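Me: I would like to go through this structure with you, one topic at a time. Could you begin with a single residue and its surroundings?

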Amino acid sequence: MSNDDQTTITKESLTQSVITMAVESWRIGRVFERMLTRLDAGEQARYESQFRWFLKKVEDSLKEAGLRFVNVQGQPFEPGLPVTPLNIEEFGAEDILVVDQMLEPIIMGPQGLVRTGTATLKRGEA
């Protein structure tokens, strides 16, 4: 096989692959958390432990790549927050908003924002 036939793997493409896998892990993790609530207490504890181990491995892999998740769920939503709100049109300009649910995480790197998160919003307390 010649060099022309080989795919060149760059640091950027590896980083993008890690980011994609981390975001998909985040998504499946949210589904898994909802499923855990449907189990009896004994099974729930066992699977929660395995889930925590899985999340730690994902976070360790991100850390090795110089990346980290940022979860702003439950925090006030303000312009400039690196989150794309899916339901912003449901609210008025006077509403106090809170990040209700993170659907995709914010990913930060050594130089700052790497990937914007996606979330839904809700009205907050005044």
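**Contacts, sheets and helices**

Reply: This is a predicted model. Not counting residues up to four places away in sequence, Met102 touches Trp26, Val70, Asn71, Val72, Gln73, Val83, Gly117, Thr118 and Ala119.

Me: Which strand is Met102 found in?

Reply: Met102 belongs to strand E3.

Me: Is Met102 buried or exposed?

Reply: Met102 has a relative accessible area of 1%, and since buried means under 20%, Met102 is buried.

Me: How far apart are Met102 and Arg30, in sequence and in space?

Reply: The two residues are separated by 72 residues in sequence, while their C-alpha atoms are 9.2 Å apart.

Me: Now the core. How many residues does the largest nonpolar core have, and which have the most contacts inside it?

Reply: The largest nonpolar core consists of 20 residues, and Phe69, Val99 and Met102 have the most contacts within it. Two or more residues come from each of helix H1 (11–36), helix H2 (41–64), E3, strand E4 (106–109) and E6.

Me: Which element gives the largest share of this core?

Reply: That is H1, with four residues.

Me: Let us turn to the sheets. What is the strand order in the open sheet with mixed pairing?

Reply: Its three strands are arranged in the order E2-E6-E3. Strand E2 (83–85) and strand E3 (97–104) are at the edges; each has a single partner strand, so one side of each lacks a neighbour in the sheet. On average, neighbouring strands here are turned by 40° against each other, direction ignored.

Me: How many bridges join E2 to E6, and in which sense do they run, parallel or antiparallel?

Reply: There are three bridges between E2 and strand E6 (residues 117–123), and the two strands run parallel.

Me: How many bridges pair E1 and E4?

Reply: Three bridges pair them, in the antiparallel sense. Arg68 is placed opposite Met108 in E4.

Me: Last topic, the helices. How do the axes of H1 and H2 cross?

Reply: The two axes come within 11 Å of each other and cross at roughly 165°. That angle makes H1 roughly antiparallel to H2. The crossing of H1 and H2 is left-handed.

Me: Which residues of H1 meet which residues of H2?

Reply: On the H1 side they are Val18, Ala22, Ser25, Gly29, Phe32, Glu33 and Leu36. These meet Gln44, Tyr47, Glu48, Phe51, Phe54, Val58 and Leu62 in H2.

Conventions: Residues numbered from 1 in each chain as written. Predicted model: local features only at pLDDT ≥ 70, side-chain atom pairs only at ≥ 80, totals over all residues. Heavy atoms only, no water. Pairing = 2+ DSSP bridges. Axes fitted to C-alpha atoms, helices over the stretch in contact; angles between N-to-C directions. Core = buried A, V, L, I, M, F, W, Y, C linked by side-chain atoms within 4.5 Å. Buried < 20%, exposed > 50% of the residue type's maximum accessible area, 1.4 Å probe, protein only. Parallel < 35°, antiparallel > 145°, perpendicular 65-115°, else oblique. Left-handed = near helix turned anticlockwise from the far one by under 90°. Contact = heavy atoms within 4.5 Å.
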